[in-house]
Amino acid sequence: MMREKSIRYYLLCLLCLTGSLVMLTIFLSWVHGKETQQILFERERTMVSSLMEQGVSRAMIVDAIKSEEVSGAGEDLMRQMGRTDAASCRLFPTVDRSVRLFAKIAAGMAVILSAILVGVTVCFLGKREKLYRHAESIITQYADGDFGRHLPQNEDGSIYQLFSAVEELAVALRAQSGKELRLKMFLKDMISDISHQLKTPLAALHMYTEIIAQEPDHKETVERFSEKAMQSLQRVEQLVQTLLKVSRIDAGSIDFHGEWQYVAGLAESAAADLAVRAQREGKRLVMEGDPAQMLFCDREWTREAVANLIKNALDHTEENGTITVSWEHSPAMLRLSVADDGCGIAGEDIHHVFKRFYRSKRDGGRQGIGLGLPLVKSIVEGQDGMISVSSSPGEGSVFTISFLTNL
């Protein structure tokens, strides 16, 4: 509590007022003592003068003044004169004036000190109220999703510690709000992508079905368009499956389970399903790298990423072309590259190849739906890896994925 500046100032003011009250009490006590002394002195002087005029000897007067004994006759005389403890101060005009003066001074000083105390307290509470209202308005904005302003945190003290805790909560709410907004945009984009990409194969399926229905007696037509319909269905299935994989990874719903794998075995497994296609198309698949090298990764997902890179290389390599899968180890990273000697990537396309459904105008009628490379990027980055590409038109492309090895 004492770390807060305003509370320290308030307590300091209270301490000063308390000290002032003590000093004032001491001063008034001294003044009252001097006044009482003066009254007694005036009274004794009057009595001495009166006794001397009546012929009382000096010695008797001195003895009377110095005497501290009270006799019964003296008390009776005082009682007959009305001078008792119960007598009103008005019987003693000098004392009465002194008491009244002292009471007025004490009351005046008490009023002044009380006014100062009330003023300091009102000022302190007013600043507190202003601070609370300011904080309330900012917290209300936080509740409405507006995080443009911040609570004051430039001082120490309990209230500012509370503000700091509220700020941390606001940061968490802002992150959650941003996450929800990104999720909404993600779902919106995904639905839009699915809708857009399904239009073509579904329209083709509809057309093929109509043709088959109109030509039921023409076997060749039925067989030809049935095959086309099957290809469209396979395209739809591939599109949906790949898009769901990318979406699940981007949404963080996939848990990658890392294990140490031999890179050679991983690359050969990824190329196995594409070896037949490469042979049929007259293209070579080459593996280069140390068979003993190992990589910490999720085997199935990483194998799929490498397979997609090999498939992409096959799609963009002509007959008699070569696709090389190589890997090398550095002190901190292991890099696995898939290189081809195909058509390469144009300068205006190279920065867009990892975007969903991006198709270069130069692709012509090549296979693909524009999701293979985005899937590779999501898989690699989901395992804290990196992917890069270098290419020159007409000279081929090199896609490189890199993983940290100093785990």
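Me: What makes a residue count as one of the buried 31% here?
Reply: Buried means under 20% relative accessible area, with over 50% called exposed and partly exposed in between (1.4 Å probe, protein chains only). Of the 407 residues in the protein, 31% are buried. By the way, this is a predicted model: local features need pLDDT of at least 70, side-chain atom pairs count only at pLDDT 80 or more, and totals for chains, interfaces and linings use all residues. Residues are numbered from 1 along each chain as its sequence is written, and side-chain values use heavy atoms, leaving out hydrogens and water.

Me: How do you know which helices and strands to count in the protein?
Reply: They're DSSP runs, numbered from the N terminus: helices are H or I with at least four residues, strands are E with at least two. That comes to nine helices and seven strands.

Me: Why are strand 2 and strand 4 called a pair?
Reply: Two strands pair if DSSP finds at least two bridges between them. Strand 2 and strand 4 (residues 322-329) have five bridges, so they pair, and in the parallel sense.

Me: What makes strand 2 and strand 6 edge strands?
Reply: The open sheet has five strands in the order 2-4-5-7-6, with mixed pairing. Strand 2 (284-288) and strand 6 (386-392) each pair on one side only, so they're the edges.

Me: What does helix 8 lie across?
Reply: Helix 8 (residues 299-315) lies across strands 2, 4, 5, 6 and 7, running at about 25° to strand 5 (333-340). Angles run from 0 to 180 degrees between N-to-C directions, with axes fitted to C-alpha atoms, for helices over the stretch in contact (heavy atoms within 4.5 Å).
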